[in-house]
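Please look over the sequence and the model, then read the points below.

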Amino acid sequence: MKFFADTAEIDAIKDLAATGLLDGVTTNPSLIAKSGRDFMEVTKEICAIVDGPVSAEVVALDHATMMKEAEVLRKIADNVCIKVPLTVDGLKTCKALTGEGTMVNVTLCFSANQALLAAKAGATFISPFVGRHDDNGFDGMDLIEDIRLIYDNYNFATEILVASVRHTTHVLQAAKIGADVMTAPPKVIHDLFKHVLTDKGIEGFLADWAKTGQSIL
Ligand code: G3P
């Protein structure tokens, strides 16, 4: 499973990229606003840090203007992935852009039927929002299971990008279902490394090692 960071914070992206485990980045207008940075400038910086796809979202609602915005965004770097909302105009834009060889991430997906439409429109990635689904009384992971089943039934190449990830259990469940990608806030990715028994084990080994009086270097 690929790991994307869901953030526009440069230091956090650099930190995760240094682990060698970061496959891409997703941003959205809210994350850009939170960063306080210029959209074009920060997207360019992110694209230079990671080799993989960096999602940059259009804000227009009509197809013609989405195409114009995508034209500006895709000039930023070769690894820019244009993010469009799951609407009729968003999917028209998706079809046109992927037809030209541009990566497209279809966002704000909340149903398996919407994911089916995105795959038919040739989306590179579909982003079902599991956390927001959970928040509204549904089970976000049921949605991922349904999309996995449908995509496998028809051999769709669209990658399932689990978004709105809130905790490490979401990551585990997504991996068990066979999602292709998950995007999570940096904190959740850091939490994946942690286990109390790992910390306790290191502490015990180091205490015993100190008793030997030896050193490796
Ligand atoms: O990138 C979009 C998505 O991950 C948003 O997550 O936590 O705002 O629902 P959240």
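A search of the whole structure finds 4 aromatic pairs. Rings of Phe, Tyr and Trp (its six-membered ring) pair if their centres lie within 6.5 Å; planes under 30 degrees apart count as stacked, over 60 as edge-to-face and the rest as tilted. This is a predicted model: local features need pLDDT of at least 70, side-chain atom pairs count only at pLDDT 80 or more, and totals for chains, interfaces and linings use all residues. Residues are numbered from 1 along each chain as its sequence is written, and side-chain values use heavy atoms, with hydrogens and water left out.

**Aromatic rings**

- F110 and F129 form an edge-to-face pair, because their ring centres are 5.6 Å apart and their planes stand at 65°.
- F110 sits in the loop between β5 (104-109) and α6 (112-120), and F129 in the loop between β6 (125-128) and α7 (130-135), so the pair ties together parts that are 19 residues apart in sequence. Helices (H or I, at least four residues) and strands (E, at least two) are DSSP runs, numbered from the N terminus.
- F110 is partly exposed, at a relative accessible area of 31%, whereas F129 is buried, at 7%. Buried means under 20% relative accessible area, exposed over 50%, and partly exposed in between (1.4 Å probe, protein chains only).
- The rings of Y154 and F156 make a tilted pair, with centres 6.0 Å apart and planes at 45°.
- Y154 counts as exposed, at 57% relative accessibility, while F156 is partly exposed, at 24%.
- Y151, Y154 and F156 form one aromatic cluster.

**Helices α4 and α5**

- Helix α4 (residues 63-74) packs against helix α5 (residues 88-99) at an angle of about 45°, and their axes are 9 Å apart. Axes are lines fitted to C-alpha atoms, for helices over the stretch in contact, and angles run from 0 to 180 degrees between N-to-C directions.
- The two helices, α4 and α5, are therefore oblique to each other. Angles under 35 degrees count as roughly parallel, over 145 as roughly antiparallel, 65 to 115 as roughly perpendicular and the rest as oblique.
- From α4, the residues H63, M66, M67, A70 and R74 meet D89, G90, K92, T93, A96 and L97 of α5. Contact means heavy atoms within 4.5 Å.
- The residues of this contact of α4 with α5 divide into 5 nonpolar, 3 polar and 3 charged. Ala, Val, Leu, Ile, Met, Phe, Trp, Tyr, Cys and Pro count as nonpolar, Asp, Glu, Lys and Arg as charged, and the others, Gly among them, as polar.
- T93 belongs to helix α5 and is buried, with a relative accessible area of 0%.
- Leaving aside residues up to four places away in sequence, T93 touches H63, M66, M67 and V84.

**Positive phi angles**

- N155 is not a glycine, yet has a positive phi of about 55°. N155 lies in the loop between α8 (140-154) and β7 (159-162) and is exposed, with a relative accessible area of 71%.
- S164, also not a glycine, has a positive phi of about 60°. S164 is in the loop between β7 and α9 (168-177) and is buried, with a relative accessible area of 10%.

**The whole chain**

- The chain has 11 helices and 8 strands.
- Its C-alpha atoms fill a box of roughly 70 × 40 × 30 Å, taken along the principal axes.
- Of the 217 residues of the chain, 45% count as buried.
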